[in-house]
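User: Hi! I would like to learn how to read strands and sheets in a model. Could you take me through it?

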Amino acid sequence: MSAAAAKSVRKVPQYCYQCVAGPDLLTVKVEDGVATEVEPNFAACGVHPGAGKCCVKAYGIIQKTYSPNRLLQPMKRSNPKKGRDEDPGFVPISWGEAFDLIGAKMKEVRARGLRNEYGYPRVAASFGGGGIPTYYMGTFPAFLSAWGPVDFSYGSGQGVSCTHSEHLYGELWHRAFTVCPDTPSCNYVLSFGANVEASGGVVGAWRHGEARSRGMKRVQIEPHLSVTGAASAEWVPIKPKTDAAFLFGLVHVLVCEMPREKLDVFFLKHHTGSPYLIGPNGFYLRDPATKKPLLWDLKRNAAVSFDTPDTEPALDGTFTVDAIEVGADEDQWTHRGLAAQTAFGKLVERVRPYTPEWAEKTCDVREGTVRRLAHEFVEQAQVGATVEIDGELLPFRPVSIQFGRTVNNGWGAYECCYGRTLLACLVGALEVPGGTLGTTVRLNRPATTRQASVKINPDGFMHYPMNPTDKAHWAAKPKVRNAHDTMVPLSASSPWSTALGPTHFSWMFQKESPDENWPKVTPPDVWFCYRTNPSISFWDTRELAKRIAEFPFVVAFAYHRDETNHMADVLLPESTDFESTQLIRIGGSKFIEQFWDHEGFALRQPAVAPAGETRDFTDIATELADRAGLLREYNEALNRGAAGVPLSNHEWDFRLDAEKKHDAATIWDHACRAASAELTEGRETDGLDWFKEKGLRTRPISRLSWYLFPELRRQGIRFEMPFQERLYRVGVELGRRLHERGIHWWDVQLEEYGGLPKVLDFPGIWEKETVKQGGAGALEKYPFWLITARSMQYAWGSNVGVQLMNEVGGNVRGHKGVLINRRRAQELGIEDGDQVEVSSYVGTTRGPAVLAEGIRPDTLLMMGQFDHWATPYAKDLNKPSMNSLIPMSIALTDSTGSSADIVRVGVKKLEAA
Amino acid sequence: MARYIMTADLRRCIGCQTCTAACRHANGTPPGVQWRKVLDIESGEFPDVRRSFVPVGCMHCADPPCMHVCPSTATFQRKDGIVDIDYDLCIGCGYCAVACPYQARYIVHKREFAYGERPTEQEEARFDPKRMSVAMKCNFCKDRVDLAKETGLTPGVDPEATPACVNSCIAGVLAFGDREDPDSNVSQLLAEHQFFRMHEELGTDPGFYYIFDKK
């Protein structure tokens, strides 16, 4: 309430997309031109799966809007020297001068060629994680599209700060860029460090709150009792990075200890590759004539092709067959009278040693707990139950397994993702109501729906767009600096693929090539960055900042100064969230827990006047396109749909005149009209004014779109479980290609490609590297595992400069410093609030100790990444960051190109100054 | 006569502090003044540990100790149960803050801002000089409740007539309504669930109910 009654009060519909779990729909109250209050958009309650609410981060936007730390006019660097210790000497310039500087540079670069002498794009760009910045950068994607090749492979922290392996293997096995339970009908969740109550956004919190209220049981398995653990029925404090052993212990109980009829045998036989027969060289046994994989048909008592109608496939057993095997590079073996096992039989053999007793030694979790949870999982699966969704009868299996970061990235993550997907298959709970679902696709195409990307391959599984590994097509020369197309077949070749490769390679190889034959990685001529701060959010951040300092020309779209734009040549201040216009798609299914019964569009619009001389990002993009001589190409990209919606089809046409410069309002008006037409099949063509008033427009969709199983059943496609012939073949081929070029520094990673995964000593990989880098005695010097946890107040938010977030985050344990087990701290003479220094062989960080019981004695935890040294407000918070302690290392990189945010550390109390 | 109360379903709460932030917005409170907030409480010893999130604030007691100790009659109880403060009468003595068993009251003597020495435009727009050096606390967003009387809206059902913290809650934890109306949402919730009230043994008859399981 204000002291004096405001003259003018209005509530303006907006969206917030500060994290991948959005968008949240909200209104902002504007009193006499000042934004004063954020509220949920109650008008969206009926269509938004989180009741139209918005998360705590959205409430920070008002402070962000009015922060005195904002940059309010363009700036240019006056000190040509770059580095953390160099004062950039930023001086204000006009927009005209800023555009002149950038335009001239872009034309100069274009004249030299779009790629440099090593074949890498001369222009690179980094945006914050999860595609978030796209929802704030207006039409800048159209500028990038108009430009041509842009190297996105520097990333912004992906690979260690994302759920990397889940992205790649999830898309391979069930079109699941991310994975979650079918929460509204799931009854039982095993959650390995999935901090969904912090990172699942409004929809995650709402759905899980509803589920707990109706009795869903969630068991949280993690080293630290997180927010999600607090809201779970049970906490199992597992040793860090041993989740794969736990999962394989569960698999052992299901396939080696339980009666087979407890499993979903029909699902395994008819909807997975379980009955396929395996040859002695590790490939499917195939029909010599058709090369189709064989299974043993109990009805015919003979080996038949997998797609033979009316079969009763054998799940277990050994059978005598005549067949061929087709290996890597079309290697072929012919077998006669071969005794062959099924894939399922091979699985049983593989997991027989992985008993709960074995898992106990690795995970530090009692075998009885592993066994009990395995039985609960199977009992809760309700094998045999069905449910009808929109007229289609589907299996109903209300059990699921969820992963969080550190579990599903880096070494061991492949085995975890495999274990999860396999466990779902064993009880028929993959992609069916109640079970484990994928959310969206980012690597497969088309990206319109998950179902649209599903096509059968010759072996009866889903097609997957692997980067080629055959001799004729393998990308011996990387197209981008992180070499994802060369080294990581699973990363595919979609617009998202470069950022899903080993992004740290770009930075590492810029400093030092992995070998003398590797194409030299040189900095890009121009680097754009927006809503990202890799100097803080990447790993080994002090070293990384030095690499950024080597970039010759950096254009930073900047809200305020930070540790990355400290190296910028030009700072461009854009109008922020409540000051500018953008239309985005909403609905369908998307990251984390976003499952809607509707789809449509929502608008972000200027509720208040832009601060200072800041400009709408769309107007900036248009001017840049014009200055670069690309206006026509830019407008044509917009017409094709670069602003989120194609502006024409055969029934309507809202295309922009490609030869003219259009202001932001005009561009978004055209987009709004096309969006209205798309949602109403051309009946309605309401434009920007309509969306400004209403905020969103939706139409209902069938809930069947949540599940992939119906599409697979329709096309006769099986889930590619349990045997991984395709991965094995790709790995062998990749190894051959690399060795043909004399490249051997990827050999350990190549071992990860196999028909059936093995559980290795994954913590040992980090321990071994600690000793290698830290010397003898390093494990004693660094006795703790350091891990992190998501924070709803900060995750993805680019909001460390917002006072309100720091204030309310302070109410949640762990935000203020280094979480340490209370008894262990007392042994070290550390009391709550003491300043401590945490060190790894990479570096040190400092902050206050936070003592707690809910963390293992061998583990420390740091939430967020807070050792800022340039960002206003944040640099004074005196909080630690583990990013300064994590190495960039090939040895700690798995075959998908990811590592994990975990490191061995030591801690000591600092004496009071 | 109505008695407005709030319920918090502890099974649902995740301590996200969205209610805290929403309250700060709706009531224009300065940094650090949280009329509504969520406690993060740990109990037990490793490995047998529980962590709980508990929303707190003014409990709007039927027999409020803060009111009894108030020497200026600034703290008073409305007929609908809401405990409120008349800033014109309050002398800022702080007796009420000491007497409150729930530590729900704040007194601010010096203006503080999110960033440095100057208010942001929002802070300036929301500044209320009457709140300086007086006791303040949650008032269940009384203006919205009063609006309901004028418009026929139902507090706890219609967002315009419902406290900001309840509106904002992203996990369906908080509910608001009339305890005296057996058909109200809160009465229904309490009829169907087990609940407790904080420090009930003190006899203040708090109007904030914590739900923890079905009956």
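Predicted model: local features only at pLDDT ≥ 70, side-chain atom pairs only at ≥ 80, totals over all residues.

User: What is the order of the strands in the open sheet of four strands?

Analyst: Strands are DSSP runs of E with at least two residues, and helices runs of H or I with at least four, numbered from the N terminus. Two strands pair if DSSP finds at least two bridges between them. Here the order is 10-9-8-19 in chain A, with parallel pairing. Strand 10 (234-236) and strand 19 (399-403) of chain A are the edges, each pairing on one side only. Strand 9 (residues 217-221) of chain A joins strand 10 of chain A through three bridges, and A:Gln220 sits opposite A:Trp235 of strand 10.

User: Which way do the side chains of strand 22 of chain A point, and are they buried or exposed?

Analyst: In a regular strand, side chains alternate between the two sheet faces. In strand 22 (residues 554-557) of chain A, A:Val554 and A:Ala556 point one way, A:Val555 and A:Phe557 the other, and all are buried. Buried means 20 or more other C-beta atoms within 10 Å of the residue's own, exposed 12 or fewer, partly exposed in between, with C-beta atoms placed from the backbone.

User: Which residue stands opposite A:Phe557?

Analyst: A:Leu572 in strand 23 of chain A. Strand 22 of chain A and strand 23 (residues 570-572) of chain A pair in the parallel sense over three bridges.

Methods. Residues numbered from 1 in each chain as written. Chains lettered and ligands numbered in written order.
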